[in-house]
Structures are given as structure tokens and as C-alpha cells.
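Please consult the sequence and coordinates shown below while reading.

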Amino acid sequence: MKIFVPGRLCLFGEHSDWAGEYRYFNSKLAKGFTLIVGTNQGIYAKVNPHPDQLLLQVHCGERNSRQFYRLPMNANVLLKEARRGGFFSYIAGVAYQCMTSYAVGGLDINNYLTTLPIKKGLSSSAAISVLVARAFNQIYNLNLTVRAEMELAYLGERTTPSRCGRMDQALSLIH
């Protein structure tokens, strides 16, 4: 199955979403606002089920070099990887959330094309998180709404050191 998830550009209020969390502790803080726009740049992947592994193949760079990641679908291993940080931590974090919430196996993700510049403010971590949540949803017929996919992606990102806000996953509504 092929999946595409676009990036997003925050035009206003970049930190309003995560900073809004402080309103839970101090209701006198004003509500923040964010203005985002989708982009036609994104992450493309071919996704297949795997019985017990989380596999990721990433094509990167002009020389079309490849990086491979492999983890067992084990809650402790996924959680440890998610907490470690780095790009693969987002994938592990979402897989951890999916595994602990649903009866799923693993995934074999071939990220064959990325047109979204990584680490350039276009939300590549959110895009890969949404892609993984959507892949679990579609491969394992979880029948999740787009909002539920966003929640899984959000929880997956929150499992990492990133501590993103909910705005990050809004890009899945765009596509």
C-alpha cells in the first residue's frame, strides 16, 4: 500500500500549541492561536505488514543512499528507542502507542521518496508520525478516524523527547 503525508508550514503561532499546555495550570493565561498551511512536499512510503518487526528503509541524499532501521515489536524496546530521541524515535513512539492500544503486528515501511526538507521547519517529524499512525490504521483495518490517527501521532511524538504540541499533526487533515 502507498501512503503520502504532506508537511506543513506554520505562518503564525509556532509555539502556541505546546505552550497552550500551561493553561491547564494557570487559567489566566490567554488562549494562543496558530495559522498553518499545507504544502505539496511530503513523505511517500510503501507500507506492508510485518508479523513481529518494525522495519524502516529511508532513501536519502542525492546519491540515493539508504538507511535501514529494525526493531522488534516489543513494547519495552519501542519505548526505549522512542525516549532516546532522533528521527527514528518518532516512528518507534507511534509504533509503541499503536501496539499498546491495539492488537497490531509490525510494519515494513519503505520511505522511497521524501520531498519535504528535513529539519527545515516543515514538520517532518509530524509527517512521519502521521504516516506511521495512518499505516497502522490502514494495514490493520483499525477503522480510525483522521482525528484518531492524529491522536496516535501526537501521543507517539509525546513519547519522544520532542514534547510537541497538537498542531503538529494537523497536517494529516490537509491530505
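## Burial and overall fold

Of the 175 residues in the protein chain, 47% are buried; the model is a predicted one. The accessible surface of the protein chain amounts to about 9400 Å², and carbon and sulfur atoms account for 52% of that area.

The protein chain contains five helices and five strands, arranged along the sequence as β-α-β-β-β-α-α-β-α-α. When contacts between residues at least 6 apart in sequence are considered, 71% of them join residues at least 24 apart.

## Helices α3 and α4

Helix α3 spans residues 87-101 and helix α4 spans residues 124-139; their axes come within 9 Å and cross at roughly 35°. The crossing of α3 with α4 is right-handed.

On the α3 side, the contact is formed by Phe87, Tyr90, Ile91, Val94, Ala95 and Cys98. The α4 side contributes Ser124, Ser125, Ile128, Ser129, Val132, Ala133 and Phe136. By class, the residues of this contact comprise ten nonpolar, three polar and no charged.

## Asparagine 111

Asparagine 111 belongs to strand β5, which covers residues 106-114. Because its relative accessibility is 4%, asparagine 111 counts as buried, the cut-off being under 20%.

The side chain of asparagine 111 reaches the backbone oxygen of tyrosine 44 at 2.9 Å. Apart from neighbours within four places in sequence, asparagine 111 is in contact with Ile43, Tyr44 and Ala45, and also with Leu56, Gln57, Val58 and His59.

Key
Residues numbered from 1 in each chain as written. Predicted model: local features only at pLDDT ≥ 70, side-chain atom pairs only at ≥ 80, totals over all residues. Heavy atoms only, no water. Helix = DSSP H or I, 4+ residues; strand = E, 2+ residues; numbered from the N terminus. Buried < 20%, exposed > 50% of the residue type's maximum accessible area, 1.4 Å probe, protein only. Polar contact = N/O pair within 3.5 Å; in protein donor to acceptor, adjacent residues only side chain to side chain. Contact = heavy atoms within 4.5 Å. Areas by Shrake-Rupley, 256 points an atom, 1.4 Å probe, with all protein chains shown as cover. Axes fitted to C-alpha atoms, helices over the stretch in contact; angles between N-to-C directions. Left-handed = near helix turned anticlockwise from the far one by under 90°. Nonpolar A, V, L, I, M, F, W, Y, C, P; charged D, E, K, R; others polar.
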